[in-house]
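User: I am new to reading protein structures. Can you take me through some features, one at a time?

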Number of protein chains: 6
Amino acid sequence: MKLVLKISGKFFDEESSENLIVLKDTIQRLINEGHKVAIVSGGGATARKYIKMGRELGVNEAHLDLLGIWASRLNAYLLTFILSGLTYMKVPENLEEFIEKWESGKVIVTGGFQPGQSTATVAALVSEAIGADYLILATNVDGVYDKDPRYYSDAKLIPKLDTETLKKVLENSQSVKAGTYELLDPLAIKIIERSKIKVIVMNYKKLDKILDIIRGKEIGSVIQPM
Amino acid sequence: MKLVLKISGKFFDEESSENLIVLKDTIQRLINEGHKVAIVSGGGATARKYIKMGRELGVNEAHLDLLGIWASRLNAYLLTFILSGLTYMKVPENLEEFIEKWESGKVIVTGGFQPGQSTATVAALVSEAIGADYLILATNVDGVYDKDPRYYSDAKLIPKLDTETLKKVLENSQSVKAGTYELLDPLAIKIIERSKIKVIVMNYKKLDKILDIIRGKEIGSVIQPM
Amino acid sequence: MKLVLKISGKFFDEESSENLIVLKDTIQRLINEGHKVAIVSGGGATARKYIKMGRELGVNEAHLDLLGIWASRLNAYLLTFILSGLTYMKVPENLEEFIEKWESGKVIVTGGFQPGQSTATVAALVSEAIGADYLILATNVDGVYDKDPRYYSDAKLIPKLDTETLKKVLENSQSVKAGTYELLDPLAIKIIERSKIKVIVMNYKKLDKILDIIRGKEIGSVIQPM
Amino acid sequence: MKLVLKISGKFFDEESSENLIVLKDTIQRLINEGHKVAIVSGGGATARKYIKMGRELGVNEAHLDLLGIWASRLNAYLLTFILSGLTYMKVPENLEEFIEKWESGKVIVTGGFQPGQSTATVAALVSEAIGADYLILATNVDGVYDKDPRYYSDAKLIPKLDTETLKKVLENSQSVKAGTYELLDPLAIKIIERSKIKVIVMNYKKLDKILDIIRGKEIGSVIQPM
Amino acid sequence: MKLVLKISGKFFDEESSENLIVLKDTIQRLINEGHKVAIVSGGGATARKYIKMGRELGVNEAHLDLLGIWASRLNAYLLTFILSGLTYMKVPENLEEFIEKWESGKVIVTGGFQPGQSTATVAALVSEAIGADYLILATNVDGVYDKDPRYYSDAKLIPKLDTETLKKVLENSQSVKAGTYELLDPLAIKIIERSKIKVIVMNYKKLDKILDIIRGKEIGSVIQPM
Amino acid sequence: MKLVLKISGKFFDEESSENLIVLKDTIQRLINEGHKVAIVSGGGATARKYIKMGRELGVNEAHLDLLGIWASRLNAYLLTFILSGLTYMKVPENLEEFIEKWESGKVIVTGGFQPGQSTATVAALVSEAIGADYLILATNVDGVYDKDPRYYSDAKLIPKLDTETLKKVLENSQSVKAGTYELLDPLAIKIIERSKIKVIVMNYKKLDKILDIIRGKEIGSVIQPM
């Protein structure tokens with residue numbers, strides 16, 4: 001299978017060797033089993049730190065976005081070097097470069113591409129360009145919930161939904177918005193729909209069960225494009 | 001003033017020397033008067049021709065977008081060479097490269113940047129990055145209409161509107177949608193709003209009156225960001 | 001075998017899915033049989049359209065050539081994406097880049113390289129750099145004729161000739177010149193001679209019979225370097 | 001004057017708007033007075049964070065250095081954007097690129113260049129390449145001390161010294177070593193000596209007095225190459 | 001005036017400081033007087049040395065040409081650094097890069113561009129691209145002769161000739177061929193003719209009299225394109 | 001095994017086909033036996049020639065180093081083309097580019113990287129980045145001697161030594177310094193020590209016995225890092 005793995009910036013904020021070891025082992029196993037993998041990393045706390053300093057000094061929005069993008073590329077280089085031997089040893093800086101390097105047969109790790117574009121959109125574009133079987137969003141919750149699980153103890157995980165449902169959830173429920181929005185912004189959803197990309201939302205603590213989650217044997221959400 | 005001029009692909013489809021001469025004279029005059037100018041060109045018929053051939057052969061959406069982007073860059077090179085002496089002699093291929101070249105003090109001409117991103121969005125990003133006074137959308141109608149002027153003889157041009165009004169027009173009126181949509185997609189509007197960019201919609205046949213249109217002395221529409 | 005396939009710009013002007021499907025199938029078959037292939041595409045009508053607009057506005061010859069080169073690269077990107085999976089996913093812009101990418105083992109598709117240099121010369125340089133067994137010129141006639149077949153009903157195809165004979169045909173017969181000249185200009189012939197490159201001229205409608213033409217079983221012309 | 005300003009990574013660790021405002025004002029003033037400025041930024045805490053994560057996962061020394069270099073480039077981009085208008089808008093990644101961009105007449109901000117090379121060495125190379133009048137090391141102490149001021153209350157600042165004296169201080173006094181070593185490693189000293197570059201060590205809290213420090217009117221150390 | 005100066009490889013073979021000092025002073029003076037200058041350097045003995053070693057080991061013609069091109073770029077870097085302050089500090093590797101850098105307003109020094117292309121052709125292309133007033137070929141003889149001055153004591157310098165005459169000289173007189181051929185190969189002449197570029201042939205020992213030679217006051221040959 | 005082979009510039013100065021043939025055969029054999037190889041070439045006489053000319057004209061040290069680096073890259077291109085088929089066809093210009101290209105599985109040939117950095121340091125960095133089993137220094141003597149073998153007939157080759165011993169030899173014995181110093185400067189030794197790289201010093205006349213030398217069956221010196 002061709003898999004695109006989007007790793008939330010929060011993954012890096014935990015500065016946890018354990019997280020990184022699980023990721024390393026998972027990618028190694030996927031490659032051994034013959035899958036092809038691309039990884040997109042978010043910017044996390046490093047991005048927020050630099051954006052905050054820049055904003056206080058009056059830096060404009062496009063340049064602030066670039067600071068966030070460079071922070072996400074730093075995360076991408078960390079993964080590139082940790083996975084050394086499996087990975088292409090340069091982080092591509094736009095989709096054209098990604099497409100060129102993908103042909104090397106190596107795991108490509110990328111951060112952000114362009115201002116005004118989330119890393120979720122980057123992951124959707126990458127999925128479209130390579131014809132990915134799944135776009136996997138690895139984050140710090142177990143999937144998509146009907147309410148924000150941080151505030152509602154009765155929030156329920158939705159194991160299967162389509163993009164229309166996802167968009168309604170985003171529109172109707174303010175409280176859910178903030179948390180879920182980072183998963184998929186409107187442009188990412190548009191790309192997912194136009195190219196019929198299947199999306200999995202899962203917890204990065206369960207990366208070792210990634211294939212079971214895809215097969216529906218473990219907790220996670222599957223989003224079907226309309 | 002700092003001006004970003006987005007030229008519709010239709011401008012090039014007319015293959016009109018007269019269009020090109022007016023454009024050349026206008027840019028020369030703006031530079032002489034001390035303004036700084038960036039130009040973003042659409043893809044037009046050349047883009048559609050290559051996308052059509054690619055689609056018939058099963059090329060994926062990301063790669064089709066790239067064909068359109070390369071066509072828009074061909075239009076951008078045409079303008080670059082016609083304006084030789086005023087222009088930076090390479091068409092930037094992403095926002096980071098644009099930002100770098102902008103410092104040369106020359107007119108920068110660019111086409112598309114990335115799949116999943118309209119040239120209107122490119123123009124909005126460029127406007128944000130340089131802090132443009134106006135983003136000017138030069139197209140084949142005189143401005144934004146309350147109805148599609150191709151079908152309704154009583155369609156009225158709206159001389160001033162805000163982005164909220166623009167979005168309502170786009171949502172409510174199906175017939176207007178197609179035509180206007182190419183002007184500004186949701187991502188472009190989001191960027192315009194977050195950085196408070198003033199937008200002018202005008203006819204590329206009236207490029208020689210561009211400053212009068214900005215001053216409200218000639219026909220066109222001014223969009224105020226909310 | 002190592003084959004360099006030069007595709008005339010006319011191939012693209014026909015905007016024919018059938019042409020493209022035959023090309024795709026042929027390249028796939030050649031790869032399956034273990035051959036290595038490089039493709040050089042001409043600029044065709046797209047090149048002429050942009051050169052015409054530029055010339056009317058006083059663009060200089062070097063820049064007009066660049067417009068033609070960018071048009072040929074657009075054709076090259078179309079083939080690159082259609083042949084996706086077999087091809088290196090970036091069109092090289094000069095011989096040094098071509099040489100670097102050739103080592104990837106993928107089909108490399110290229111357009112023009114430099115002003116003052118025909119795509120036939122590009123194809124000859126590419127053939128020399130990789131030590132091609134054959135440089136194949138796929139065009140809209142069946143081979144080299146003793147007279148221009150568009151004007152003379154008794155024109156005869158020359159199945160075998162050497163470069164000295166080719167040059168005489170080009171010098172003596174004005175009517176043949178125009179048509180044949182586009183096949184091989186003097187610089188291309190010089191490179192063919194210095195590196196003893198065998199050349200085939202054939203009709204792009206018969207691409208599926210390319211190996212039979214090389215073996216002399218189908219209609220085409222073989223040019224032997226002196 | 002041509003000045004190279006090396007900013008310690010600690011400057012960024014303080015995440016202080018005040019620090020950044022003083023730096024911005026200082027650079028603006030230097031440019032207004034006709035000086036030419038290059039800036040080299042260290043990696044600081046961001047570098048250490050990523051190097052620590054990489055080391056725990058067994059990343060090799062060359063790749064760990066690259067993580068530090070990318071962190072220092074992130075600091076360099078922050079300064080580039082804060083000083084937007086004065087700066088060249090791309091951070092060069094090696095000396096050849098720096099030399100090329102320096103000709104733009106803009107302030108060039110750079111981070112690290114190569115593994116096995118400190119940012120002090122980068123600053124020395126940059127100073128040599130442009131023939132800098134002064135290489136200024138802005139750090140979190142007031143200059144070079146005879147003992148480590150963090151441990152010895154009687155440590156005395158040395159207002160003037162030559163590189164031979166500096167090397168002896170580094171060799172003889174273990175306690176001083178660590179702190180001072182980051183200022184100038186042996187390779188940086190070698191470059192300073194071969195090209196006779198004058199060096200100033202000063203506190204980044206006093207950047208607004210940079211010209212007074214150069215003139216010896218304010219606290220700092222001047223190192224004369226042998 | 002816009003001047004393109006092609007320096008023969010023999011200039012560098014003499015390893016003469018005097019040659020280099022005269023060149024430096026000349027360029028400085030031309031810039032001071034407001035002229036714009038591009039320089040193209042040949043490969044000379046360094047090129048021949050590497051081509052000889054490569055040929056003995058069976059390197060193909062395209063790669064041998066690249067060795068010669070890299071040698072000419074080394075000569076170009078020598079000039080770039082000697083003229084530091086006046087020059088753009090990177091040697092462009094193809095015409096597109098040259099065109100981009102020319103806009104910097106600096107003296108651009110270039111070596112060869114592409115295999116199968118002489119540095120005379122490079123100089124012609126550069127002249128065409130910038131609309132040069134004169135292409136000056138500085139070599140080790142005083143101009144174009146009716147016979148080879150190395151063998152015929154009665155050889156006469158031709159002060160004015162057109163490209164038709166030049167071509168006849170090249171065709172009819174074998175003995176002149178070798179020496180003159182390096183000045184202008186057929187492709188270079190074709191470019192000179194299509195863009196009507198005026199050419200001066202002069203001795204590099206007389207670089208300090210370059211403007212007098214252009215004005216016809218000193219010894220040299222002027223070639224008028226047909 | 002992973003081997004980094006540093007070829008002294010003197011190897012190229014001999015302009016000997018025999019040297020080159022032995023090198024070619026050796027690399028071919030190493031690849032056939034499954035080893036992975038990177039090559040770093042020195043600058044030799046070509047470097048000295050250009051540095052001398054530059055120095056006479058007042059070129060600064062950083063730019064002189066660049067002339068030497070470009071000369072070493074010319075040597076690297078010669079090897080790249082001679083080994084065509086085995087090699088990656090572009091010479092990387094810095095460590096980041098080397099690391100990226102190394103993943104191609106081809107032999108990478110590189111010259112110098114940065115001013116202020118010897119090609120020995122380049123070779124040490126490359127060895128560290130790829131985790132080389134051996135860094136082999138091929139020069140014009142048989143190994144490390146206790147005295148300079150050019151002046152002392154009783155100089156003895158040291159078959160095994162550690163880096164501490166090497167440094168003492170360098171410090172204590174002036175006469176040895178010059179000759180050995182070019183092998184390993186302090187920065188190269190620092191990198192060798194921090195990454196525990198095993199080093200072999202051997203004569204490039206004996207390249208065909210390289211594996212025997214590694215196994216201690218032939219004359220050469222092994223340096224063990226401390």
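User: How many bridges join strand 1 of chain B to strand 4 of chain B?

Analyst: Start with the general idea. Strands of a sheet pair through backbone hydrogen bonds, either parallel or antiparallel. Now the case here. Strand 1 of chain B and strand 4 (residues 134-139) of chain B run parallel and are joined by five bridges. One bridge sets B:Leu5 against its partner B:Ile136 in strand 4 of chain B. Keep in mind that this is a predicted model.

User: Which residue of strand 2 of chain B stands opposite B:Val4?

Analyst: That residue is B:Ala38. Strand 2 of chain B covers residues 36-41, and its pairing with strand 1 of chain B is parallel, over six bridges.

User: Let us move to chain C. What is the strand order of its open sheet?

Analyst: The order is 3-2-1-4-6-7-5, for seven strands with mixed pairing. Look at the two ends of that order. Strand 3 (108-110) and strand 5 (160-162) of chain C each have a single partner strand, so one side of each has no neighbour in the sheet. On average, neighbouring strands of this sheet are turned by 20° against each other, ignoring direction.

User: Which helix packs on this sheet?

Analyst: Helix 4 (residues 61-82) of chain C does, and it touches strand 2 and strand 3 of chain C. The direction of helix 4 makes about 145° with that of strand 2 of chain C.

User: How do strand 1 and strand 2 of chain C pair?

Analyst: Strand 1 (residues 2-7) and strand 2 (residues 36-41) of chain C pair in the parallel sense, over six bridges. For one bridge, find C:Lys6; its partner in strand 2 of chain C is C:Val40.

User: How do I describe two packed helices?

Analyst: Two packed helices are described by the angle between their axes and the distance between the axes. Helix 3 of chain B makes the contact with B:Thr46, B:Tyr50, B:Met53 and B:Gly54, while helix 4 of chain C uses C:Leu74, C:Asn75 and C:Leu78.

User: How many residues are in the largest nonpolar core?

Analyst: It has 510 residues. B:Leu184, C:Leu184, D:Leu184 and E:Leu184 have the most contacts inside this core. Take C:Leu184. Beyond its neighbours within four places in sequence, its contacts include C:Ala120, C:Leu137, C:Ile192 and C:Ile223.

User: Which residues have a positive phi although they are not glycines?

Analyst: A:Glu15 is one of them, at about 45°. Find A:Glu15 in the loop between helix 1 (9-13) and helix 2 (17-32) of chain A. C:Lys196 is another, with a phi of about 55°. C:Lys196 lies in the loop between helix 9 (186-194) and strand 6 (199-203) of chain C.

User: How accessible are A:Glu15 and C:Lys196?

Analyst: A:Glu15 is partly exposed, with a relative accessible area of 35%. C:Lys196 counts as exposed, at 51% relative accessibility.

Conventions: Residues are numbered from 1 along each chain as its sequence is written. Chains are lettered from A and ligands numbered from 1 in the order in which they are written. This is a predicted model: local features need pLDDT of at least 70, side-chain atom pairs count only at pLDDT 80 or more; totals for chains, interfaces and linings use all residues. Side-chain values use heavy atoms; hydrogens and water are left out. Two strands pair if DSSP finds at least two bridges between them. Helices (H or I, at least four residues) and strands (E, at least two) are DSSP runs, numbered from the N terminus. Axes are lines fitted to C-alpha atoms, for helices over the stretch in contact, and angles run from 0 to 180 degrees between N-to-C directions. Contact means heavy atoms within 4.5 Å. A nonpolar core is a set of buried Ala, Val, Leu, Ile, Met, Phe, Trp, Tyr and Cys residues joined through side-chain atoms within 4.5 Å. Buried means under 20% relative accessible area, exposed over 50%, partly exposed in between (1.4 Å probe, protein chains only).
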